[in-house]
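Reader: Could you take me through some local features of this model?

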Amino acid sequence: MDEIPDTGIVLARVARPSATGLTFAVDPARSRHILVQAFAAVYEPVDATGESVEPKRAEQRSTQQPDVRWRRRPLQLSPTPVDVLAPPDKAVKLDEGLYLHLRVRPPHGTHRTISVTATLMNTHTVEQQEIKDPNCFFQVGLQITVPDDSPALVERPTVRELDDESRLALLLHRHAPTFAVGHGCAADWSWTPSPVSRPQRHDAPAGVCSVWTEHVPMSEVLLSDSNPSVPPTLLGMKYLAEAPKHELIHSLRTFGSLYGNWIDGRAQDAELLREGIFGDPAYLRLAEEQLEHCRIARQRMSAGIDLLENDPDALEAFRLANRVMALQRGRGQWIKRERAGAPSPEGTWRPFQLGFVLLCLNGMADATHPDRAIADLLWFPTGGGKTEAYLGLIAFTVFHRRLRHDADAGGGVTVLMRYTLRLLTLQQFERAALLICAMETVRAEQPERLGGEQISIGMWVGKAATPNRLKNADKALKKLARGEKLHEENPLQLKNCPWCGTPLLVRNHKVDVPGNHMIIHCDDQTCDFSSGLPVHVVDTELYRVRPTLVIATADKFARIAWREDVAALFNRDEDRLEQGTPPPELVIQDELHLISGPLGTLAGLYEAAVDIACAHPKIIASTATIRRAQEQGRALFGRDVAQFPPSGLDARDSWFAVEAPSERRPSRLYVGLLAPGLSQATLLIRAYASLLHNAKHLPFPDEAVRDTYWTLLGYFNSLRLLGAAELQVNADVNERLRTLALRDGVEPRQVLPTEITSRVPSSDLPGLLGSLGLSLRTGAALDVPLATNIISVGVDFDRLGLMAVAGQPQTTAEYIQATSRVGRAHPGLVVTLFNAARSRDLSHYENFVSYHSALYRQVESTSVTPFAARARDKALHAAFLGLVRLLHPEIRSNTDAKDVNSFTHQLSSVRQQLVNRIQAISPAEAAHADAEIRAFIQHWRLLVESNEGLEYEAAFEFKANPRRRPDLALLRTHEDHDLTKARPTLWSLRDVDVESHLYLES
């Protein structure tokens, strides 16, 4: 006999649910009695006079509809009192066919709390052809209350053993407890967290006096803002650039002491944890570790201020960095104002930006400083200003390098900046180009101090976006001049001059193939760059110029094994080696959370070669969503990771940023919709139409508010779903809009969908993204842009305020990143359309309020295993060979492969460097990696024995199936089927093996 009572929860998860309910916990020490109030209504069939009738289906082949109307009748249901220590032993009948099932579990946990599941069940049965409506219950719900209003409904105790990471998540988010979980619905409760600035003791678990079911759950997510207690005078860029030295140092020390005072206050808060529910030694240890992270950050900031006080070059570089940051900010605002008035330097650091700059100064200024062994991770919510923080670091690094070295040695590639998405790279290139222009104008004023070599920027992303060669750029420009559209290798990456905003057209791009250079100039003769911008977008131009800042996609670095010209980007070409130019000193990896899975694993292998070739540079990473960053950072960079700003003891307050009330900073309202019994297409059509209709017809206070919600940004987890939605918007949504307009007696809105995905040609993407920023008053505002994760990072438009997410994204990080595209300057509305057929979507819906009350707590950890066996099979030999060719010019040329026996010492040295790194990161794999590198070298030697003219890369054959000797080259692509003795090698980290054909025989 089954001793566990059937609560009917399984019926809440069928296509047409017959049950709904929730599970909660009761602390009997506070109250053993609860009241369960059920709500429901029925619809009764009546005729035109209001008399009851028997509903009938329309007869087949008949056009006449039955004259049946439905009248709502709410059920008057009495509350059910329950004693959780003596619960009822059977279901409680509430009405005909409507029963309340209760399951009360035995007391559990330290506080002996009791878990209760309450389910409302429809027990009516109907035949297959019978009309179901009279036997259905509508607007159903349950509300659980405590009769004496005591907070006896508490968090359910955890049944599993917690690790340190889980404990820390509970500690940092103790302001967001979970009191119930829904079944076939969401659960909600009334809870006001303690104020951020006023911590409270937690002597007992948090509790509420009421929980209830919710079918359209809503949750307001508050955003972080700069700490308002920091005086703005301490953060002014222009002030920091011009203040007298003693005043500057005093201001910075005041800034640091304010943070120190906050840390002292948090140490006092830690004492409040003792003797309470967080008084366990494990929690107290974690709290002390959090405070120690804060103290270390404070000490490093103080050490950075000491550097500025004692090192004249560092102080001057810091002043210059502040000057150019103010200059580029002023220029950017001037362009936004449509060049009204004259541009003037302006700008104020946010506290976390200035703190991060100070923290990193020693590690960037001194190659031998211990901070070089730390990868600094800038962790800050999306839209908070991470980009500006590392732009300031770029400016400092470039100026300090040029002040420290002589005019020749201080140039070359100084900073490598990497992204994972081509689109993100294009956008950040535009933002960084303005800074580079500001830096170049300052350099041109004092070339004797800052060198005669131009400060410039280059984009290294591959031919899917930019040309690889100048002759290709020349052909592309001629095609564009004829009005043709380019799908790849487009040299027009900047739509406007970054310095003055003047449009850049085809005529502004000049290619001199014999002279081996390309110039992008501005038409405005008053612009400082009318003769040429310090911008380079062609690969061969980058190898010739060696731009100060190189912005690249992470997978482009797979090229190091194939081509010798890449050495120029590491300042290891012969010209730079003669000048004594050091390798790049700063490597920035933006959106670190994207370097995960297979891409991250391969990136970690090539990162080993990049790190050694750059002679152990300073590494900066940034992200808004990451978990277990320490493990990921060590696997990728071979360094400990220091996260900034440290979280302190409350996820809402790191001193640098504090969760802001909605009155001070716009919030985002998340709404969940689930429609069991209906198709996902129907839910999308109804939701889209309702949002679009009301955006046009609601009485907004002004058109600026209407503009915020005019564009409905649709987000999809796959191209397949997006393609279907595009058809639905074109037809069904517009049809539904006409129905809504007819109902309300207004003019219908006609909408057009716009696809923003990887299928869009690279040449169209910048303009398409720019159109997201077009307001309603321009007459060109988009109606329904439909996008995939291509917009989940880097798309920053303040006007967007409305988004619909079709299905729960695969990761919480993606969900946070994608939905953060809206609600930046104005309150945002995010509607998530859950798929009732997917258990994961249903789970997120049932936990909607809990999930959104602490979104960052839910971020999943990422996996990176760069030295695992299968990863080594793919790319260990490529990382080794690429490093060999970068470090040793005598082995670099394509024809040098035949001389392998002359380079035994160099190969052994590089092998040892690589194995030492693997030993430090993954000791268990070091011996295997060493053996595999030795085997690759031996294979290389055997190839030379059979082919004395061995090359690294075979010349390309313009034949469908070339027949070349199998030992012609050391490396081959996955498509070089004839080079059977060459080693298959990736050209890109996104490469896969050749396709396999599947034949299905019937």
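Author: Helices (H or I, at least four residues) and strands (E, at least two) are DSSP runs, numbered from the N terminus. The model is predicted, so local features need pLDDT of at least 70 and side-chain atom pairs count only at pLDDT 80 or more, while totals for chains, interfaces and linings use all residues. Residues are numbered from 1 along each chain as its sequence is written, and side-chain values use heavy atoms, with hydrogens and water left out.

Reader: Where does Asp149 lie?

Author: Asp149 is in the loop between strand S8 (138-145) and strand S9 (153-154). Its phi is near 60°, a positive value in a residue other than glycine.

Reader: Is Asp149 buried or exposed?

Author: Asp149 is exposed, at a relative accessible area of 58%. Buried means under 20% relative accessible area, exposed over 50%, and partly exposed in between (1.4 Å probe, protein chains only).

Reader: And what is phi of His616?

Author: Phi of His616 is near 60°, again positive in a residue other than glycine. His616 sits in the loop between helix H13 (597-613) and strand S24 (618-623), and is partly exposed at 33%.

Reader: Which residues does the cis peptide bond join?

Author: The bond joins Phe644 and Pro645, with omega about -5°. Pro645 belongs to the loop between strand S25 (640-644) and strand S26 (657-659).

Reader: Switching to salt bridges: how many does the structure hold?

Author: There are 58 salt bridges, each defined as a side-chain nitrogen of Lys or Arg within 4 Å of a carboxyl oxygen of Asp or Glu.

Reader: Which residue forms a salt bridge with Arg339?

Author: Arg339 pairs with Asp524, the closest N and O atoms being 3.2 Å apart. Arg339 lies in the loop between helix H5 (312-336) and helix H6 (351-365), and Asp524 in the loop between strand S20 (517-520) and strand S21 (535-536), so the pair ties together parts 185 residues apart in sequence. Arg339 is partly exposed at 35% relative accessibility, whereas Asp524 is buried at 16%.

Reader: What about Arg872 and Glu925?

Author: Arg872 and Glu925 form a salt bridge with their closest N and O atoms 2.7 Å apart. This pair links helix H22 (residues 869-887), which holds Arg872, to helix H24 (residues 923-946), which holds Glu925, 53 residues apart. Arg872 is buried at 4% relative accessibility, and Glu925 is partly exposed at 21%.

Reader: Which residues are linked in a network of salt bridges?

Author: Asp164, Arg167, Arg285 and Glu289 are linked in such a network.
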